[in-house]
Amino acid sequence: MSAPRPQAELRTSPQLREPVTVDVIMRNVVYAMLPVCAYSVFQFGLSALALIVVCTAVCVGTEHLFCRVAGRESTVNDWSVIITGILLALTLPPSFPLWMAAVASFFGVAVGKVFFGGLGFNVMNPALVGRAFAQAAFTVPMTTWTPSMVAGRFTEFIPSTLTMPFMMPATNSDWLARVAPDGFTGATPLALMKFEQVSTDTVQLLTGTIAGSAGETSALLILVCGLYLIARKMMDWRITFGVLASAALLSGIFYLVDPEIYPSPLFTLFSGGLMLGAVFMATDMVASPETRRGVWIYGSLIGVLTVIIRLFGGLNEGVMYAILLANAMSPLISRVTQPRRYGAVKKVKSPA
Amino acid sequence: MTAQLATRIPADLRGGTFSHGVHPAENKQYTAGKPIQRFAFPSELFLLLSQHAGKPSVPLVHPGQEVVRGEPIARADGFMSVPLHAPATGTIKRIDLVPTAKGPRKPAIILAVHPGESQEMLYGARRDIDAMTPKEIIQAVQDAGLVGLGGAAFPTHVKLSPPPDHKVDTILINGCECEPYLTTDHRLMLEQPEDLVMGTKILMRAMGADRAIIGTEDNKRDAAEAVRRVLPKDGSMTVKVVPTKYPQGAEKMLAKALVNREIPSGGYPSAVGLGVYNVATTAQIGALLPWQRGVIERVVTVTGPGLDKPGNYLVAIGTPLRFILERLGFQGGPQYLITGGPMMGDTVASLDVPITKGCGGFLIFRPEDVAAQTVPKTYPCISCGKCVEACPMHLNPCQLGKLAVKRRYLEMDEYHLFDCFECGCCSYVCPSGIPLVQYFRVSKGMNRELKAAAK
Ligand code: SF4
Ligand code: SF4
C-alpha cells in the first residue's frame, strides 16, 4: 500500500470553536441598525441620509487613516467603526450641518478609539465621545430641531445641512415657515416636558412623529431591532433590561409622588435617546463590564443616572452622560463583581 | 425492574447539571452505532514506561525474553506508580526511547509480537473478590496497572486511598463522555454493562461507600437503559441521566450535577464524600480484578473527517498510531492527529506515537476541517463576557487573558489561574479567537517559575 503518508500538523486544544467571531457580531449589529436608519430617513428625508453617510464614511476613513499612518493593517473590516458612525449619526439632530458631523466623527474615532489603541481598548463608546464633543463645540446646532415628516423631505435638504465648512449654519426659519406653516416650536418632547411640563402622547413617541435626533424618534423600532440581536445572542439583554427597568422604576417613584411635575415611566422609557442608548450604546461590549453581576449594576446605574440628569440636571437629556459615566466606571464594576468560582474554599478571602 | 424503555425519565433518575459550559456539535453519529471491534496486533508494540501520572514503572524483563499475553513486564515504582503488562505474547526486543503524544521521547519496552500467535492465551487466575478486604482490593487495583482511562491517567488505587479523615459515602461513575466525537464510554455501557456493575461493586467495597450513581448524558439514553437492566436489585446503584453539555464529564461538574456537591478548590472529591471514576476504568476493574489480570488493551474511538472507516476499536496498548491509521484508510497529506477529544486533546507530532492507557480517542482532522474551526484573524479582547459565561469553574478568563498578555503572571493568582483545568470552553466561545487556554498553560508555567525564582 503506497498511499501518501500523512504528515502530522501541530495545534493546541481546543480544536473546536464557535463560529461567531467579532466581525460577525459587529456586522449583525450594523444590520440591526439599518431599519432604524431607514426609518429615520423616512422621517427626515435627505438630510438624515446624508448625515448617516457622512458620519459613517468619516469614521471609517479616520480609523483607516490612523491604521495606515501607524503602519498597521487596517482594522475597519471588523465592522465596529461602522457601528460608531451610524450610532453617532443617529444621535445628532437631522438638520445638523454635515461639516460639523464630520468633525465630530473624526474626533469620536480619533480620541474615543484610536487614541486608546483601537477596538477592545477604548474605555468609552466612541460614538458618545463624538457626540459629547459635538455637544460642547456646536451647542446651538446640537439643540436645533426640525419637524419630522415634512413635505418635500426627499427632494431637498434642510438648509442647515449644507452649511459651508467652518461657517455657522444659516437659520432654517424660511424653510420652517414653508414646511410647517402652523408653527413649530422647535422643542423635543423632553424639552417640552422639562421646561413646560407638557407630556407628549406615548403613541407619538413610539412611532416618532415628533422632533428629535435622527435615531431617537422610533423607540419601538429600536426595541424590535434590539430583540433581533438578543435572540442571536449578540447583545446582552441584561444591560438593556437593567437600563430600562431602573429608569422606569425610579421615574415611577417620582411620578407617584407628584404626577403634575414628573413624567410618567412610559414617557421616560420612550422619549429621547433612552431606547437608543439602552439598546445600542450601553450594550457596547468593550465599554461594559464582562461579569454578569457587573452588567446588572452597570445597566441600573445608567437608568438611574439618566433619570436624575433628566429631572434635576441642567440638560433635558441625560442618557449620553449617564452611559459615558458608566463606561468610565465599568472596569471598577468588573473588578468588584468577580464571579464566585466553583469550589471556592470559604476561609480563603477572594480579592475585592 | 422490568426492561421497559424509558422515553421519559422519572424525576428521581434525572440528574441536575452544572452552570455555564458550552454545547459544541456532538458529531458522535459517526461511531455511536459501531460495536467495539478488536483491532489487529501490529508486529511491534511500544509500551511506554510512563503512561500514567506519577513515577514511571520499572522493567522486569530483558531483551530476548519471551512473555505471555497478560504477564507483568514492569513493576510499580512506589505508591504513585503502576505496573505494566504484556499486551501480547511475544519477545522483548529492547528498551528504547520512543515518541510520546506530548512530544519528548520517553523510554518504552518494545515487544515483538509473535506472528501467527492466536493471542487467545491469557495470563491470570480466578479469585473471589468478596473474600478480599478493602486494602487487598486497593492493592489488586494497583497490581492491575489501572489508571484513569478517561484521559488523566491518574493511578486508580491512589484515588481509592483518600486521606484518613475523609469518609466517602457515594461513588460516582462517570459515563458522560462529554467530548464531541468520542463514543467509547457509550459503547462500553451498551456492550459491557455487567463489567461496569461489577467494577462499581468493587469500588464501593474498596471505599466503604453504600451507594453509587452512574451518570450519563441524555444523548446516551440507550446506554443508561442497558446499564439499568443489570443493576443489582438492592437499590444501592442508580443510573442518572444529565443534560448533554460540555464539560459535564469533568469530575467537578459531575459532582455538582449528580449530587450537588462542590469539590473544594485544590482538594479531592473525597473531601465532600465522593469517589469519582470513569466508566472505562470501572468496567476494566470489573473485568480484570476477578481474574488477577492487568490492563493490556483499551477501547479507542478512531474518528474524524479525515478517515474512511471510523469506529470503536479494542486496541492493544502500545499499538503505534501509524498502524491504526494505515488500516483505517486515512487520506494522505498533512493531517491533524488529535489524541483524546477535540476540546481538551492536543495534536501529536509523530505518527509513531503509541496508544497509551489514558488515550480514549484519536481524531483525524484534515487541514480544511481545522481551517473551519479557526478564526482567520485574532482580534483584541472586546470584553464581551462570553468566556466568563462559559467557564464551568466560574473564573474570569477575560481578565486572566488580559493579565497574560501583559505578562503579569503572578497577579493571575488573584483570578485563580490554577483553578483552570484547561477545559477549553473559554477559547471555544471567544469571538476574538484569543487562544486563552494556550495563554493559561504558558502562564501556569511562568507563574510557577517566577515563584520558584522568588524563593
Ligand atoms: S479553560 Fe480554564 S478558564 Fe477557560 S473555561 Fe475552562 S476552566 Fe475556565
Ligand atoms: S470571550 Fe474573548 S473577547 Fe470575549 S471577553 Fe472573553 S476573552 Fe474577551
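**Exercise 1.** State which pocket ligand 2 sits in, and describe the shell around ligand 2.

*Solution.* Ligand 2 sits in the second largest pocket. Here "sits in" requires that more than half of the molecule's atoms lie within 2 Å of the pocket's grid points. A pocket is an open set of points on a 1 Å grid over the protein atoms alone, where a 1.4 Å probe fits, with protein on both sides within 12 Å along at least five of seven lines; lining residues have an atom within 4 Å of a point. The model is predicted: local features need pLDDT of at least 70, side-chain atom pairs count only at pLDDT 80 or more, and totals for chains, interfaces and linings use all residues. Residues are numbered from 1 along each chain, chains are lettered from A and ligands numbered from 1 as written, and side-chain values use heavy atoms, without hydrogens and water.

Next, the shell. Residues with a heavy atom within 4 Å include B:Cys381, B:Cys384, B:Cys387, B:Cys398 and B:Cys430. By class, the shell has 9 nonpolar, 3 polar and no charged residues.

**Exercise 2.** Give the volume and lining of the second largest pocket.

*Solution.* The space, taken as that filled by probe spheres set on the points, is about 960 Å³. Of the 44 lining residues, those closest to the centre are A:Gly120, B:Ser383, B:Gln399, B:Lys402 and B:Lys406. By class, the lining has 24 nonpolar, 13 polar and 7 charged residues.

**Exercise 3.** Describe the contact between chain A and chain B.

*Solution.* Counting heavy atoms within 4.5 Å, chain A gives 46 residues and chain B 70 residues.

Note on methods:
Ala, Val, Leu, Ile, Met, Phe, Trp, Tyr, Cys and Pro count as nonpolar, Asp, Glu, Lys and Arg as charged, and the others, Gly among them, as polar.
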